[in-house]
Amino acid sequence: MKRLFIVSILFLSTATVFAQDMLTPVQYIELYKDIAIREMKRMGVPAAITLAQGLLETESGNSPLVKKSNNHFGIKCKSNWTAGGVTHDDDAIGECFRLYKTADESYRDHSNFLRAGERYAFLFKLDVKDYKAWAYGLKKAGYATNPKYPMILIKHIEQYNLQQYTLSAADEAPKFDAGKYQDDAEEKIVEEK
């Protein structure tokens with residue numbers, strides 16, 4: 001009996017410590033809302049959409065992928081990615097996912113990824129405040145394979161009032177002409193001969 005009591009106490013202590021290390025959705029939002037707003041002002045991706053995707057793709061910052069790669073949006077390496085990657089099982093075993101030094105890099109790359117992708121160009125013609133159109137548009141463009149992806153994003157936006165972050169910066173979101181987009185990566189200095 002005494003032994004069972006001690007084992008129970010150890011189990012509860014371990015579970016409590018583990019639970020304290022887990023982020024809640026509200027904590028995740030608080031940590032990353034300012035980055036999402038900044039990215040909205042920079043590139044035009046609604047902050048509510050960015051945060052909802054981050055919540056979903058990282059399991060509120062607790063997924064194994066985000067912990068080993070800082071990849072908050074489940075973006076795979078593909079052939080055009082030349083930086084680091086990590087392997088992770090997703091649609092197939094051992095797929096390559098982009099590796100970032102910081103969450104900030106992941107958020108920035110997410111914005112660049114959507115802006116630069118031809119298949120996502122139509123999204124930027126949508127009203128930045130229309131989160132439902134953006135959610136369904138991401139699915140239509142093939143961002144995720146889960147058929148319920150838009151509904152999950154919408155649920156997160158409504159449950160956690162993520163639209164407030166989009167609305168706070170909607171007037172500052174750029175209006176892009178998809179045909180004129182260029183990645184705003186740091187310019188390389190070309191020496192003249």
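Reader: What makes C77 and C96 a disulfide?

Author: Their sulfur atoms are 2.1 Å apart, and a disulfide is a pair of cysteine sulfur atoms within 2.5 Å, so the pair qualifies. A search of the whole structure finds one disulfide. Before going on, please keep in mind that this is a predicted model, where local features need pLDDT of at least 70, side-chain atom pairs count only at pLDDT 80 or more, and totals for chains, interfaces and linings use all residues. Residues are numbered from 1 along each chain as its sequence is written, and side-chain values use heavy atoms, leaving out hydrogens and water.

Reader: Why is the disulfide of C77 and C96 called left-handed?

Author: The torsion about its S-S bond is about -55°, so it is left-handed. The two cysteines sit 19 residues apart, C77 in the loop between α4 and β1 (85-88) and C96 in strand β2 (residues 95-98). Helices (H or I, at least four residues) and strands (E, at least two) are DSSP runs, numbered from the N terminus.

Reader: Why is C77 called buried, and why is C96 called partly exposed?

Author: Buried means under 20% relative accessible area, exposed over 50%, and partly exposed in between, with a 1.4 Å probe and protein chains only. C77 has 6% relative accessibility, so it counts as buried, while C96 has 35%, so it counts as partly exposed.

Reader: How do you know whether S63 is buried or exposed?

Author: Its relative accessible area is 4%, so S63 is buried. S63 lies in the loop between α3 (47-58) and α4 (64-69). Not counting residues up to four places away in sequence, S63 touches E57 and T58; contact means heavy atoms within 4.5 Å.

Reader: What makes the buried residues of α6 line one face of the helix?

Author: Helix α6 (residues 131-141) has Y131, W134, A135, G137, L138 and A141 as its buried residues. Seen down the axis, they fall within an arc of 165°, so they line one face; the arc is that of the directions from the helix axis to the C-beta atoms. They pack against α3, α5 (103-116), α7 (149-159) and α8 (163-169).

Reader: Why is N161 called partly exposed, and what is its phi?

Author: N161 has 43% relative accessibility, so it counts as partly exposed. N161 is in the loop between α7 and α8, and its phi is near 50°, a positive value in a residue other than glycine.
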